[in-house]
Amino acid sequence: MLNQYFFDSFLIPGLIIIAQILAVVVPVLICVAFLVYSERKVLALIQLRRGPNIVGPFGLLQSFADALKLLTKENIIPSGSNKFVFLLAPIITMVLSLAGWAVIPFAPGLVVSDINVGIMYLFAVSSLGVYGVIMAGWASNSKYPFLGALRSAAQMVSYEVSIGFVIITVLLCVGSLNLTKIVEAQQTVWFAIPLLPMFVIFFISALAETNRLPFDLPEDESTLVAGFFTEYSSSSFVLFFLAEYASMILMSSMTVILFMGGWLPPFDIYPLNVVPGIVWFTLKVIFILFLFIWVRATFPRYRYDQLMRLGWKVFLPFSLLWVVVTSGFLVIFDKLPS
Amino acid sequence: MILYSISFYLFSTIAVFSALMVISAKNPVHSVLFLILSFVNASGLFVLLGAEFLAMILVVVYVGAVAVLFLFVVMMLDINFIKLREGFLQYLPFGALLGLVLIIELGMLFYTETYSEVRLVEFSNKPLIAEIENTKMIGEILYTDYFYLFQISGIILLVAMIGSITLTLRDRGKVKRQDINSQNNLDSKNAIEKKKVKLGEGI
């Protein structure tokens, strides 16, 4: 029966795939809404203010109110802009920040696609993120967005190099590019402890990669108005905004998987290992996100040449050195994973 | 398997179409964007072949780094590309010759018997998804049979890099550089100087 065949081999697998995608994307978007709220709240507490407290209990619904407000506004497209690329840029940014979630293992077996080159896929997706920014800056046909785009192109390419070396260091200790295996390799000790300097470098590079303070030079509001999204309004602005926070959560998850043992409990003892893995994973991601916000409230913005100096003259040689040291250590003590 | 064929034709059609658009788009920035689209689709084809490591490397290296810088340069340069296009017919025979050479070389790969134990191209119509990880397979061949070729290509890249640095390195006269250490070591004693200024004279 052709009908039965169609039903079994296309419709049901297709529906399962769509359900899996929704099961990941919808919680991520809800998390984004509450991340924005918590960022405003934490910043407010650090600066001795009260933060959002009007919409809903404790202001919890503030992000949804903001999103509704933005979506109902008019989407203005500058007349001098390249319309197609102008509208494509936020879409690409948003899609890329969600695409990475396909390979993130939340708990043992709880992953949409458990591919062999998981970490390479994440690295590739995060390196594509720069295109949304460049296209937005170029298509706006105005000087501030263009300057923002140029800054972000150089910045993201520079910091990817050191992220690559950090990932290589971790891979040397794991012997696989599969994210599940990377987490399982941390049963005895989280990589954040033996590879502490790499953990710090990865976190700082993640800040630069997601264009967060103190490295938010692409949007640098005190000199470039709003950087690459100066000309954007309404729903296309919302997409950029959501994408920034979604990729923040993605980079935090990557940090947790590479260095903080993913879903593993801190110690494998009774009350801790009963807690489901996804709870540990979420708690660790929240911790890293808190660091992101804390850094934002604490440090002043880097000047552009300082940013480049840090990337090329400090992180790159140091992480290269650590790759050599780690591999040398593993070879001498015969600890190389087979 | 029909999904496999659908995605193969989807990826290859978009790749060929965007490759055509690279050379026919009027706006150079659009050309580069189509080039990127073509790269991404080529990496999709690699995934279909079961070469997931190559696919990811293609995206990371070419799309994530090379094409970004390329786009960067094309956006910044004020080249009159319409004028460049005028020599299209003049360069056509040369380009066609290059294309022909490339096709012959690629065809020869299929008939190469052995450089090493492993045949370069296996004739197969289905994706090879081996038990052993793709990355490991590449590593085992690259660092044994093809070790010298691998090292030589690395040296060629190094030479190109040094060459481009020497081409752009020039004495810019007085450049004010920031010395982070000396700046961090500043304190109120050596940063501030007290001077007695006489009235109406200044320093």
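Is A:Arg303 buried, exposed or partly exposed? At 42% relative accessibility, A:Arg303 counts as partly exposed. The points below concern a predicted model.

1. The A:Arg303 pair. The side chain of A:Arg303 forms a salt bridge with that of A:Asp305, at 2.8 Å from N to O. A:Asp305, with 41% relative accessibility, is partly exposed, and A:Arg303 is partly exposed at 42%. Elsewhere in chain A, salt bridges with shared partners bring A:Glu39, A:Arg212, A:Glu244 and A:Arg296 together in one network. Over all chains the count is six salt bridges.

2. The A:Glu39 pair. A:Glu39 belongs to helix α1 (residues 2-46) of chain A and A:Arg296 to helix α11 of chain A, so the pair ties together parts that lie 257 residues apart in sequence. A:Glu39 counts as buried because its relative accessibility is 2%. A:Arg296 is partly exposed, with a relative accessible area of 30%. In general terms, side chains of opposite charge can pair when their charged atoms come close.

3. The A:Arg301 pair. A further salt bridge joins the side chains of A:Arg301 and A:Asp216, at 2.6 Å from N to O. This pair links distant parts of the chain, 85 residues apart. A:Arg301 sits in the loop between α11 and α12 (304-332) of chain A, and A:Asp216 in the loop between α7 (196-209) and α8 (221-224) of chain A. A:Asp216 is buried, at 5% relative accessible area, whereas A:Arg301 is partly exposed at 25%.

4. Helix α11 of chain A. This helix runs over residues 277-298, 22 residues in number. The distance from its first C-alpha to its last is 32 Å, close to the 32 Å expected at 1.5 Å a residue. Which residues of α11(A) are buried? They are A:Gly277, A:Trp280, A:Phe281, A:Lys284, A:Val285, A:Ile288, A:Leu289, A:Leu291, A:Phe292, A:Ile293 and A:Val295. As background for reading that list, an α-helix has 3.6 residues a turn, so residues three or four places apart point the same way. Among the buried residues is A:Lys284.

5. A:Ser158. This residue lies in helix α5 (residues 143-174) of chain A. A:Ser158 counts as buried because its relative accessibility is 4%, under the 20% cut-off. A polar atom of the A:Ser158 side chain lies 2.5 Å from the backbone oxygen of A:Ala154. With neighbours within four places in sequence left aside, A:Ser158 is in contact with A:Met308 and A:Trp312.

6. Chain B as a whole. Chain B contains nine helices and zero strands, and its pattern along the sequence is α-α-α-α-α-α-α-α-α. Chain B has 203 residues, of which 19% count as buried. Among contacts in chain B with a separation of 6 or more, 57% are between residues 24 or more positions apart.

7. B:Ile152. Helix α7 (residues 147-168) of chain B holds B:Ile152. With a relative accessible area of 47%, B:Ile152 is partly exposed. B:Ile152 and B:Val16 are separated by 136 residues in sequence and by 32 Å in space, C-alpha to C-alpha.

8. The contact between the chains. How many residues does each chain bring to the contact? Chain A brings 30 residues and chain B brings 26 residues. The area buried between chain B and chain A is about 2500 Å², with carbon and sulfur atoms giving 75% of it. Between the two chains the count of salt bridges is zero, and three residue pairs are in polar contact, both residues at pLDDT 80 or more. On the side of chain B that touches chain A, α1 (2-24), α2 (28-48), α3 (52-76) and α6 (134-142) of chain B each supply at least two residues. Helix α3(B) gives the most to that side, with 14 residues. By residue type, the side of chain B that touches chain A divides into 18 nonpolar, five polar and three charged residues.

Definitions and conventions
Residues are numbered from 1 along each chain as its sequence is written. Chains are lettered from A and ligands numbered from 1 in the order in which they are written. This is a predicted model: local features need pLDDT of at least 70, side-chain atom pairs count only at pLDDT 80 or more; totals for chains, interfaces and linings use all residues. Side-chain values use heavy atoms; hydrogens and water are left out. Contact means heavy atoms within 4.5 Å. Buried area is the accessible area (1.4 Å probe) that two parts lose on being put together, summed over both. A salt bridge is a side-chain nitrogen of Lys or Arg within 4 Å of a carboxyl oxygen of Asp or Glu. A polar contact is a pair of N or O atoms within 3.5 Å; within protein, one must be able to donate a hydrogen and the other to accept it, and residues adjacent in sequence count only if both atoms are side-chain atoms. Helices (H or I, at least four residues) and strands (E, at least two) are DSSP runs, numbered from the N terminus. Ala, Val, Leu, Ile, Met, Phe, Trp, Tyr, Cys and Pro count as nonpolar, Asp, Glu, Lys and Arg as charged, and the others, Gly among them, as polar. The expected span of a helix is 1.5 Å times one less than its number of residues. Buried means under 20% relative accessible area, exposed over 50%, partly exposed in between (1.4 Å probe, protein chains only).
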